[in-house]
Amino acid sequence: MSIENLQEEKKYNKWIVALSVIIPLAVAALFGIKLKDFGIDVEPLTFLPPIYAAINAVTAIVLVYAVISIKKGQRKQHENLMKFAITLSVLFLLMYVAYHMTSDSTKFGGEGAIKYIYYFILITHIVLSVAVIPFVLITYVRAITNNFERHKKIAKITFPLWLYVAVTGVIVYIMISPYYV
C-alpha cells in the first residue's frame, strides 16, 4: 500500500467521524420531533413502514450479491452494487425519519417470550445500525482510495454488521406490523 493512498484515505477521516456522530444524533433528534407540534398539518405517512422494510430487504439482497460479485472478480459490478446499497440505506433513513415525524410510534403488543425476542432484536438492530455507520464509511473510503487490502479487512466486519441491520429491520417490521393502527 502506498503512502499516497494512506494520505488520500486520511483526508476523509474528519468526514467519517462527523457523519458517524451527526447521522445518529440527527435521527434521534428528528425522531422526537412531530411536525404537527409546529402547526404543520400533514397526514401521517403510515404507508411508509412496509416500503422502508422492503428497502431493508432489498439492501440485504444487494449486499449478498455484492459479496458474490467481488468473489467472482467482478469489481465494477461489486462497486455498483455497493453504491446502490448505500443509496438504499439513505432512502431508508429518510423514509424512517419522515414516518416518525408524522406518526406516533407503534407499541409492540406481543406478550411472553416473543416480547423479549422482539426487544432483543430491536435493541441490537438499533445499536448496530448506529455502529455500522463508520464501518460503511471507512470501507467505502478505503475502496475509493484504492486501499483494497485495508478495504477487504474491514469489509469482513462491515458486511455481517450491515447485513444483520438490514435483515433485522425486516424482522422488526414483520413482528410489529400487526400492531400498526
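R150 counts as partly exposed in this predicted model, at 25% relative accessibility, where buried means under 20% relative accessible area, exposed over 50% and partly exposed in between (1.4 Å probe, protein chains only). Residues are numbered from 1 along each chain as its sequence is written, and side-chain values use heavy atoms, with hydrogens and water left out. Because the model is predicted, local features need pLDDT of at least 70 and side-chain atom pairs count only at pLDDT 80 or more, whereas totals for chains, interfaces and linings use all residues.

R150 forms a salt bridge with E9, the closest N and O atoms being 2.6 Å apart; a salt bridge is a side-chain nitrogen of Lys or Arg within 4 Å of a carboxyl oxygen of Asp or Glu. E9 lies in helix α1 (residues 3-10) and R150 in helix α6, so the pair ties together parts that are 141 residues apart in sequence. Helices (H or I, at least four residues) and strands (E, at least two) are DSSP runs, numbered from the N terminus. E9 counts as buried, at 7% relative accessibility. A network of salt bridges links E9, R142 and R150.

The structure holds 6 salt bridges, among them two that involve E79 in helix α4. K76 meets E79 at 3.6 Å, N to O, and these residues, being 3 apart in the helix, are separated by about one helical turn. K83 pairs with E79 at 2.9 Å between the closest N and O atoms, the two lying 4 residues apart in α4. E79 is partly exposed, with a relative accessible area of 30%, and K83 is likewise partly exposed, at 33%.

In helix α5 (residues 113-144), T124 is buried, with a relative accessible area of 18%. A polar atom of the T124 side chain lies 2.9 Å from the backbone oxygen of F120, and the T124 side chain reaches the backbone oxygen of I121 at 3.0 Å.

The second largest pocket has a volume of about 700 Å³. A pocket is an open set of points on a 1 Å grid over the protein atoms alone, where a 1.4 Å probe fits, with protein on both sides within 12 Å along at least five of seven lines; lining residues have an atom within 4 Å of a point. Of the 23 lining residues, I70, H78, H151, K152 and A155 are the closest to the pocket centre. The largest share of the lining, 8 residues, comes from α6.

Terms used:
Polar contact = N/O pair within 3.5 Å; in protein donor to acceptor, adjacent residues only side chain to side chain. Points joined across faces, edges and corners; volume = space filled by probe spheres on them.
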